[in-house]
Amino acid sequence: MRGQGRAGTRLSQELTTLRQRIAELEALNAGRERAEKELRRSEATARALLESAAEGIVIVGSDGRIVLANARAAEMFGYPREELTGQTIEVLLPERLRTGHATHRAGYFGEPRVRPMGLGLDLAGRRKDGTEFPVEISLSFVESEDGLLAMAFITDVTERVQLERIARQSEKMAAVGSLAAGIAHEINNPIGVITSRVELILMEAREKGLPPGVTRDLQVIEKHAGRVAKITQGLLSFSRQAPWKLTDTDVNQVVEEALLLVEKQFTKERIALEKNLAAGLPKIAGSPNHLEQVLVNLLTNAREAMVGGGTVLVESRRAHEMIEIRVTDTGPGIPPEVMARIFDPFFTTKDEGTGLGLSISYGIVREHGGTITIESRPGGGSTFVIHLPIRETSTEEGTLHGERADPRHR
Ligand SMILES: Nc1ncnc2c1ncn2[C@@H]1O[C@H](COP(=O)(O)OP(=O)(O)OP(=O)(O)O)[C@@H](O)[C@H]1O
Ligand SMILES: [Mg+2]
């Protein structure tokens with residue numbers, strides 16, 4: 001009995017231990033399930049963050065291969081996402097930067113830090129179709145089971161770069177504008193006097209007969225005085241001190257009138273003028289004379305670019321809340337170094353040019369709340385694109401220089 005009693009106690013002890021062990025195991029299991037759930041949740045959170053990020057995020061291994069790219073990065077670079085994984089990061093760079101980048105990349109893995117990339121440099125990304133766009137990148141890193149991973153946060157700064165360019169251009173124009181107005185004002189009167197006197201003498205010369213040498217000299221003076229007058233006129237309209245009124249303007253009519261003005265010269269130089277104007281366009285609040293000047297400037301540039309003939313196409317259409325006018329020529333196109341300065345006052349590549357045509361046009365279009373942009377392929381012609389906002393003259397911004405439109409003038 002005694003012996004049996006001892007055995008019974010041991011059994012019950014073992015049972016208790018076993019129960020405890022089972023309870024412990026159960027607790028452990030519950031803990032693991034919780035941990036797994038937690039892990040899954042944090043993974044989902046991380047993935048959601050990655051996917052909803054406004055920045056492109058690309059994660060790269062130490063061998064330079066892309067481990068992961070988020071949706072925004074794929075969209076930014078124009079790749080289907082699965083195509084990015086496994087590629088070297090250098091495919092996202094313009095070719096000229098690739099070799100240098102591979103070296104920098106190795107350097108980064110040697111000494112990883114959280115930092116912006118190439119501070120002060122103009123960084124560029126390369127889309128799948130080969131086009132480039134300006135980017136800003138900041139770098140970070142994580143330790144993972146597969147070793148060190150570098151993370152690049154990429155922002156497409158195309159829009160900001162454009163806005164900065166416009167702001168710089170406006171500043172430049174404002175500075176040149178007030179100086180130009182002052183000078184032009186001073187020159188305008190004397191040059192008028194000189195021109196009319198020379199014209200008088202030339203008239204007398206024809207009646208009374210002056211030595212031919214003198215007549216020729218006078219003609220030279222007349223020609224150059226005319227050029228000075230042209231520059232002064234240009235400067236005055238460039239600085240545009242007098243405010244102008246906006247009226248309901250039919251853009252197509254403005255285009256037609258501009259075409260009439262240049263037609264003769266185009267025919268003479270064997271340049272075909274084609275037009276494709278959308279019917280029924282809404283009117284805009286505009287200054288027809290100034291807009292006509294813009295078109296004449298663009299058409300004249302197109303003609304001057306096409307030595308030996310070609311074709312100019314003028315188009316108009318509605319583009320959302322804008323009217324779009326396109327002037328396309330079959331000239332030589334515009335090289336990048338010219339493009340960079342094309343709207344600058346006095347920038348010209350022509351012997352007889354003043355370099356004011358486009359800066360004046362730029363100012364006029366901007367005063368209408370519009371934009372001029374250029375599409376040019378060297379060797380393949382140029383297209384100047386004007387966008388003018390559709391709005392009625394009666395709105396608050398109805399007149400230039402912030403004046404309220406007078407309803408009596410409508
Ligand atoms: N359609 C075009 N094709 C090629 N180059 C162009 C075109 N339009 C303008 N350019 C370039 O831009 C420069 C500046 O043009 P802009 O009209 O401001 O001045 P300009 O034509 O030289 O002189 P101005 O208009 O005062 O007679 C030109 O000298 C030319 O090099
Ligand atoms: Mg010009």
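Helices (H or I, at least four residues) and strands (E, at least two) are DSSP runs, numbered from the N terminus. This is a predicted model, in which local features need pLDDT of at least 70 and side-chain atom pairs count only at pLDDT 80 or more, while totals for chains, interfaces and linings use all residues. Residues are numbered from 1 along each chain as its sequence is written, and chains are lettered from A and ligands numbered from 1 in the order in which they are written.

Q: What is the mean pLDDT of the protein, and over which residues is the pLDDT below 50?
A: With pLDDT being the predictor's confidence in each residue, from 0 to 100, the protein has a mean of 86, and 92% of its residues reach 70 or more. Over residues 395-410, however, the pLDDT is below 50, although this stretch has 24 contacts in the model beyond near neighbours in sequence. Where pLDDT is low, the predicted coordinates should not be read in detail.

Q: What makes helix 10 largely enclosed by the rest of the structure?
A: A residue is buried if 20 or more other C-beta atoms lie within 10 Å of its own, exposed if 12 or fewer, and partly exposed in between, with C-beta atoms placed from the backbone. Nine of the 11 residues of helix 10 are buried, so this helix is largely enclosed by the rest of the structure; among the buried residues are Leu358, Ile360, Tyr362 and Val365. Just after helix 10, Gly369 takes a positive phi of about 80°.

Q: Why is Ala229 called partly exposed?
A: Ala229 has 16 other C-beta atoms within 10 Å, and is therefore partly exposed. Ala229 lies in helix 6 (residues 212-239) and touches Ile191 and Thr195, not counting residues up to four places away in sequence, where a contact requires C-beta atoms, placed from the backbone, within 7 Å. The C-alpha atoms of Ala229 and Thr195, 34 residues apart along the chain, are separated by 8.7 Å.

Q: Which residues are closest to ligand 1, and which elements give two or more residues to its shell?
A: Counting a residue as near if its C-beta atom, placed from the backbone, lies within 6 Å of the molecule, 21 residues surround ligand 1, the closest being Asn301, Thr348, Gly353, Gly357 and Leu358. The elements that give two or more residues to this shell are helix 8 (288-305) and helix 10 (357-367), and the largest share, four residues, comes from helix 8.

Q: What makes strand 12 and strand 13 a pair, and how do they run?
A: Two strands pair if DSSP finds at least two bridges between them, and six bridges join strand 12 to strand 13 (residues 382-389), which run antiparallel. Ser376 stands opposite Ser382 in strand 13, and the bridge partner of Ile372 in strand 13 is Ile386. In the hairpin of these strands, which has five residues between them, Gly379 takes a positive phi near 85°.

Q: Which strands are called edge strands in the open sheet of five strands?
A: The sheet has the order 8-10-11-13-12, with mixed pairing; strand 8 (271-277) and strand 12 (371-376) are its edge strands, as each pairs on one side only.

Q: How many bridges join strand 4 to strand 5?
A: Four bridges join strand 4 (residues 123-126) to strand 5 (residues 132-144), which run antiparallel, and the bridge partner of Arg126 in strand 5 is Glu132.

Key. Contact = placed C-beta atoms within 7 Å.
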